[in-house]
Amino acid sequence: MIEAVNTAIQTVEPNGTLVFSSTSVNRGCTVRHRQGSGRFTALKPGVYKISFQANVAIPTGGTAGAISLDIVQDGESLAGSRMISTPAAVDTYNSVSAVVLAEVYRCDSANIAIRNTSGVAVNVQDANIVIDRLC
């Protein structure tokens, strides 16, 4: 099980991935994360529960519109992971969250990340991800 956070505001460009500056919990040897990276590697076959939450806004200078983030595995969006928020104005934060299951197949590993799929830059604050191998 791993929990990583980034409490500071970070601007994530379109198709960019969020960076997690701190690994607050890291138990076992099933998930690896290097602090300051946005990539998590599930090292063992099994089913993983991925929980993500953050506050999102359009940065100053942008145009208010829909914000979307996806949980991705090996570069592909996981079905059911899309988080969408439409703030009324720039610099207005809303909370987004998703929980999905991801399978890592036998004799394989998988890379997990959170991607900005909005098409515009997005500010993300208080990002938190938990990845836990269930079986």
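**Fold, core and details**

User: How many helices and strands are there in the protein chain?
Analyst: This is a predicted model. Read along the sequence, the chain follows the pattern β-β-β-β-β-β-β-β-β-β-β-β. The count is therefore 0 helices and 12 strands.

User: Which residues have the most contacts inside the largest nonpolar core?
Analyst: Buried residues make up 43% of the 135 residues in the chain. In soluble globular proteins, nonpolar side chains tend to be buried together. Here the largest nonpolar core has 32 residues, and those with the most contacts inside it are Phe-52 and Ile-71.

User: Which elements give two or more residues to this core?
Analyst: Strands from both ends of the chain's numbering contribute, including β1 (2–6) and β12 (122–133).

User: Is Phe-52 buried or exposed, and at what relative accessibility?
Analyst: Leaving out residues up to four places away in sequence, Phe-52 touches Leu-18, Phe-20, Leu-69, Ile-71, Met-83 and Val-96, among others. Buried means under 20% relative accessible area. Phe-52 therefore counts as buried, at 2%.

User: Which residues do ring pairs link into a cluster?
Analyst: The count comes to 2 aromatic pairs. Phe-20 and Phe-40 form an edge-to-face pair, 5.4 Å centre to centre with 65° between the planes. That pair links distant parts of the chain, with Phe-20 in the loop between β2 (10–12) and β3 (22–26), and Phe-40 in strand β5, 20 residues apart. Phe-20 and Phe-52 form an edge-to-face pair at 6.5 Å and 90°, so the cluster is Phe-20, Phe-40 and Phe-52.

User: What relative accessibility do Phe-20 and Phe-40 have?
Analyst: Phe-20 lies 32 residues from its partner Phe-52, which is in strand β6. Phe-20 counts as buried because its relative accessibility is 0%. Phe-40 is buried too, with a relative accessible area of 0%.

User: Which backbone nitrogen lies 2.8 Å from a polar atom of the side chain of Asn-116?
Analyst: Asn-116 lies in strand β11 (residues 110–116). At 0% relative accessibility, Asn-116 counts as buried. Beyond its neighbours within four places, its contacts include Val-12, Glu-13, Pro-14, Ser-68 and Val-122. The nitrogen 2.8 Å from a polar atom of the Asn-116 side chain belongs to Ser-118.

User: How many disulfides does a search of the whole structure find?
Analyst: The sulfur of Cys-107 is 16 Å from the closest cysteine sulfur, in Cys-29, so that pair is too far apart for a bond. The total found is 0 disulfides.

User: What is the phi of Cys-107?
Analyst: The place of Cys-107 is in the loop between β10 and β11. At 75% relative accessibility, Cys-107 counts as exposed. Although Cys-107 is not a glycine, its phi is positive, at about 60°.

User: What is the phi of Asp-126?
Analyst: Asp-126 sits in strand β12. It is partly exposed, with a relative accessible area of 33%. Asp-126 is not a glycine either, yet it has a positive phi of about 55°.

User: Which residues is Leu-134 in contact with, leaving aside its neighbours within four places in sequence?
Analyst: Leu-134 lies in the segment after β12. At 46% relative accessibility, Leu-134 counts as partly exposed. Its contacts are Val-47, Tyr-48, Lys-49 and Leu-101.

Definitions and conventions:
Residues are numbered from 1 along each chain as its sequence is written. This is a predicted model: local features need pLDDT of at least 70, side-chain atom pairs count only at pLDDT 80 or more; totals for chains, interfaces and linings use all residues. Side-chain values use heavy atoms; hydrogens and water are left out. Helices (H or I, at least four residues) and strands (E, at least two) are DSSP runs, numbered from the N terminus. Buried means under 20% relative accessible area, exposed over 50%, partly exposed in between (1.4 Å probe, protein chains only). A polar contact is a pair of N or O atoms within 3.5 Å; within protein, one must be able to donate a hydrogen and the other to accept it, and residues adjacent in sequence count only if both atoms are side-chain atoms. Contact means heavy atoms within 4.5 Å. A disulfide is a pair of cysteine sulfur atoms within 2.5 Å. A nonpolar core is a set of buried Ala, Val, Leu, Ile, Met, Phe, Trp, Tyr and Cys residues joined through side-chain atoms within 4.5 Å. Rings of Phe, Tyr and Trp (its six-membered ring) pair if their centres lie within 6.5 Å; planes under 30 degrees apart count as stacked, over 60 as edge-to-face and the rest as tilted.
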